[in-house]
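Here are my notes after going through the model.

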Amino acid sequence: MAQDADNATGRPNRQADARPRQRQQSTTIASIGDAVMKKIDLALPDELYLGYLFWHQADELATDVVNYAMLLDAEGKVVHRWDTDLTGGGHTSYLLESGGLLRMGIRDRKYVAGQPVAVTDTLQITDTTGQAVWELSAKNIHFNGNKITFHHDMLPMPNGNILVLIYEEISPKEAAAAGWSAGKGKTVWSDGVLEIKPNLEKDSHEIVWYWRFIDHMIQDQDAKAANYGVIADHPEKIDGHFPRSYAPMNAVRQHLNALDYHPGMDQIVVSSFIYSEIWLIDHSTTTEQAASSTGGRRGKGGDLLFRYGNPAAYARGTEKERLFQNQHDANWVDEGLPGAGNLLVFNNNTGTSSIARVGTGGAAAALAQEQLKGISNVHEISPTVDNGRYVIEKAGAFEAKQIWFWEHKDFFAPFQGGARRLPNGNTLLTDTVGRRVWEVASDGDVIVRYKGPAPAFKAFKYSAEQVANLFE
């Protein structure tokens, strides 16, 4: 939840009456009081974290779903809902201290047509009912002369700004100038992160900072092109030609699928589905420094400070050293919670060959998702730091200590999913495809299993005090 009640994302209720919007009629899932949970299997009631479950419908491939969120009580009944005038899946929404949401979705399907998965064109801050009090269209963002769209994840920052993942449409000519081959593709997508300052009173915005993948590449295929070098000599750079497969949807991209922000360190973590890695980026840079290799608190500009999960991605390991496989939802454990400062990574552990079977989306893809087999797991890690620098071990890969590991033979999330630490030390896990959420204890025991009403990317639990203003 947002930390500052007086910042822009904490003020939507005051703006709702001043700037009413016409809301489109949309089909909703349930009404207040409806029991929507399909099943609740409570195994260890004494160890359950008592709170309200926040559930936002999401499906990465079925992008025509209603962009709908609800709050559920211990019995699985709807106690609050946020209506919508957007569609689009593949992402979550975030509950703000005001009781409104930060969410993204699709308003213009023509604008997002042909883009990779989970793409959206609209960001919103809402009031407590789900009505938008601030809205931003990707069409209205002028970014290096290129078209952009939002995708997968965004985050409310303590200062009231918004971090959001983007696809930046790059022509083969522009990519080639950076030493990046588009292959047979007519377009490539350079993933990035925008920091947006919303102005609710004027319904306007300002781009205050950004980071672009294409600014931090290395390649070893064309000695005459830019960014040429030895991959293994530059772990801070990203090999644009590393992925062997861009499934699902054979579009050249990095497929960043999650981000989080640590205010104390002023760093951002992003998860790359394609590279099977998490990357740490210095946010203390200026925008100019973020495009370079110098500046910022760590002195490395926008180059990677730390990367983990697949050392083969920077030629310092093999398949045997790969820890993650197409993971989602990398996030820092928040201050005040058990394990604060550690990184949680929800590792889907889904093989690329299995992903390729899913195809490009739609009903057939949804069915194919459900038929995939495997075991997902969760890693809690603590990167090794020496004198403020992330340590590279003798073998050449970045070093981290594994603090906690969890997996269960009956838990597999082939696409998407999340892991969030709770105040009592339990961890809330989400299986998007299976429409289920498990709460597990630090010793690995499963406390409760929820079978939900719709796919959810990341589920959250909030105490009664945190959501009290929704019931006033």
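1. A term before anything else: a residue is called buried when its relative accessible area is under 20%, exposed when that value is over 50%, and partly exposed in between. Keep in mind, too, that this is a predicted model.

2. With that cut-off in hand, look at strand S16, residues 256–262. Seven of its seven residues come out as buried, so the strand is largely enclosed by the rest of the structure.

3. What does S16 pair with? Its partner is strand S17 (residues 267–272); the two run antiparallel and are joined by six bridges.

4. On to the charges. Searching the whole structure turns up 18 salt bridges. One of them joins Asp85 to Arg107, with 3.2 Å between the closest N and O atoms. This pair connects distant parts of the chain, 22 residues apart: Asp85 sits in the loop between strands S4 (78–82) and S5 (94–95), while Arg107 sits in the loop between strand S6 (101–105) and helix H2 (109–112). As for cover, Asp85 is buried because its relative accessibility is 13%, whereas Arg107, at 33%, is partly exposed.

5. Arg421 and Glu380 make another salt bridge, and here the closest N and O atoms are 2.8 Å apart. Arg421 belongs to strand S26 (residues 418–421) and Glu380 to strand S22 (residues 377–383), so this contact ties together parts that are 41 residues apart in sequence. Buried or exposed, these two? Arg421 and Glu380 are both buried.

6. Lys409 and Asp410 are worth a look as well: their side chains meet in a salt bridge, 3.3 Å from N to O. Lys409 counts as exposed because its relative accessibility is 64%. Asp410 has 38%, so it falls in the partly exposed class.

7. Which residues form a network of salt bridges? Asp153, Asp329, Arg420 and Lys458 are linked in that way.

8. Arg435 is another non-glycine residue with a positive phi of about 55 degrees. Its setting is the loop between strands S27 (427–431) and S28 (436–440).

9. Finally, the surface. Asp46, Glu47, Asp443 and Asp445 gather there in a patch of negative charge. Among them, Asp46 is placed in the loop between strand S1 (39–42) and strand S2 (52–56). At 79% relative accessibility, Asp46 is well past the 50% cut-off and therefore counts as exposed.

Conventions:
Residues numbered from 1 in each chain as written. Predicted model: local features only at pLDDT ≥ 70, side-chain atom pairs only at ≥ 80, totals over all residues. Heavy atoms only, no water. Salt bridge = Lys/Arg side-chain N within 4 Å of Asp/Glu carboxyl O. Helix = DSSP H or I, 4+ residues; strand = E, 2+ residues; numbered from the N terminus. Buried < 20%, exposed > 50% of the residue type's maximum accessible area, 1.4 Å probe, protein only. Patch = residues over 30% accessible without salt bridge, like charges linked within 9 Å, V, L, I, M, F, W, Y side chains within 5 Å. Areas by Shrake-Rupley, 256 points an atom, 1.4 Å probe, with all protein chains shown as cover. Lys, Arg positive; Asp, Glu negative; His and termini not counted. Charge placed at Lys NZ, Arg CZ, Asp CG, Glu CD. Pairing = 2+ DSSP bridges.
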